[in-house]
Amino acid sequence: MASALHEVTPFLVILILIATLGPLQFGFHLAELNAPEDVITCQKKSISALQQLASLVITKSSSSDDVVDCIPMSRSDFAAISAVFTVGGLLGALTSGPFTSARGRKLPMQLTAAFYLLGSIVETSAGSVPIMIIGRFLTGVGAGASTVIVPLYISEVAPPTQRGFFGAFTQISINVGILFTQTLGFFLSYGSAWRWIMGTGVIIALAQGLGLALLPESPAWTASAKGDVTHARRVLQRIRGRVSNIDEEVESWGQGASKPTSEEEALLVSNESTSADASGLLTPSAGVQHSPRVHLGFLQVLRDPFTRPAIIAVVGIMFAQQLCGINSIIMYSVSLLKDLLPISSALLTIVISIINLGVTMAASPLPDRFGRKTCLLTSIMGQGTSSLALALAIHFDVKILSAIAVLFFVAFFAVGLGPVPFIMASELVGPEAVGATQSWALGASYVATFLVAYLFPIVNAALNDAFGGAGWVYFIFAGFALLWAAFVSGRVPETRGRKDADEVWGRTRRVD
């Protein structure tokens, strides 16, 4: 344990914090319309309980003549604005995997920052529905790409024994973004102040772009795709610290990346302290080169008999992540739970987000301690049980049980289904297929998210009308939990402690 902790250097922490600004913006933009919806759509002047206090300080400056307070739109218009974020996310997820396999991790992350920046600027200045749709689509592209690239980058720079722990940072940062934007919405959902919510996205995108200048390229990609093992080894040594033994990790890259000769080792040591330039980048080495590994494309990983089981597994767990019903709470908690607790609906969403974030952080060591598959099964069965309890509680109007069931529902999601799918997508295949596999995983996630976001209110209303009462849809989510638990048990292998994809799938030798 001590040696594992020794590998966590300040430089590694900085890299991960900068990288996870991408997923943080995903959560930020996912929830940015939740609180100020009625204000943006001109239904209300304010939904904030603190608007009167704010007006004493801001007075009339928040509604100047050259700023449009709201954008008149219908329900279908607002639905289109909300849904187009998912469409952009799907496009970003599908295209970023092959691109990051071919061009590395750093450049694609910089492009996501550019999409976030441009989209946030458009959203902040939007005065019509079409312009707002364009802005949301652009931020969606950045979000989809970020959720593919960042988990991959983290898995390649984090110590092997702590990839589960650091992999959870993706989900933690998403939850931080959701909580942040909902908190802003609680204070700024009045007049034209909602534009400051969108404008905050500009500030975060600028910070992300500047921070990414400090990040080195992934050493695993540098060795596997470019064949520059010497440079990759030097980058990894800097991330792990001068005294860490990285031989075993380097060997997992393949490409003949074994322990260097004495001449190579001397080169590494001599360049260790001078390899970083003023911006924090590491300059390429003129040392030993190896043939780059050919990466597999989006359709190739599905046709390849070695990677096809991994595609089925990651698509399945991503569908499980959404079809167990988490976004029915995250996206519709205001209307669904407005009578359960004696607090405002905007404040209720903040409480739920705090619980989600807190449990995600507390549970982040669990995948490394108990295994990815164990956490997934615990999460699925816990959510299924909570769904059943919530269905009964809503149907029989037991308010306190409904509140407790919701809290457990969110908590069990954070234990496994929240963070683990992002971790496993990069552990089930080799470096040559990880980009395309991440695209399959996140593409499936966005499709499943769209299905829940679009169909939940329709199915919920139809079931309630057909059978009378409410809460029937959560019986469906409970049934889904049983199906996904069976899928994970039979089709998803454990990856904790496995050196590579061949060991995960029980293959003694990989034939490409």
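Tutor: Helix axes here are lines fitted to C-alpha atoms over the stretch in contact, with angles from 0 to 180 degrees between N-to-C directions. The helices themselves are DSSP runs (H or I, at least four residues), numbered from the N terminus. This is a predicted model, in which local features need pLDDT of at least 70 and side-chain atom pairs count only at pLDDT 80 or more, while totals for chains, interfaces and linings use all residues. Residues are numbered from 1 along each chain as its sequence is written, and side-chain values use heavy atoms, leaving out hydrogens and water.

Let's start with helix α2 (residues 10-19) and helix α8 (residues 129-157), whose axes come within 10 Å and cross at roughly 175°. The two are therefore roughly antiparallel (over 145 degrees). On the α2 side, the contact (heavy atoms within 4.5 Å) is made by Leu-12, Leu-15, Ile-16 and Ala-19. Their partners on α8 are Val-150, Tyr-153, Ile-154 and Val-157.

Now for the rings. Those of Phe, Tyr and Trp (its six-membered ring) pair if their centres lie within 6.5 Å; planes under 30 degrees apart are stacked, over 60 edge-to-face, and the rest tilted. That rule gives 16 aromatic pairs. One of them joins Phe-165 and Phe-169: the centres are 5.5 Å apart and the planes stand at 65°, so this pair is edge-to-face. Both residues belong to helix α9 (residues 163-188), and because they are 4 residues apart, about one helical turn separates them.

Phe-298 and Trp-440 form a stacked pair, with 4.3 Å from centre to centre and 5° between the planes. Here the pair links distant parts of the chain, 142 residues apart. Phe-298 lies in the loop between α14 (262-272) and α15 (300-303), whereas Trp-440 lies in helix α24 (residues 434-467). Phe-298 is partly exposed, with a relative accessible area of 24%, while Trp-440, at 19%, is buried. Elsewhere, Phe-409, Phe-456, Tyr-474 and Phe-477 make up one aromatic cluster.

One last stop is Ser-353, found in helix α19 (residues 345-363). Ser-353 counts as buried, at 5% relative accessibility. Setting aside neighbours within four places in sequence, Ser-353 touches Ile-178, Leu-179 and Gln-182.

Key:
Buried means under 20% relative accessible area, exposed over 50%, partly exposed in between (1.4 Å probe, protein chains only). Angles under 35 degrees count as roughly parallel, over 145 as roughly antiparallel, 65 to 115 as roughly perpendicular and the rest as oblique.
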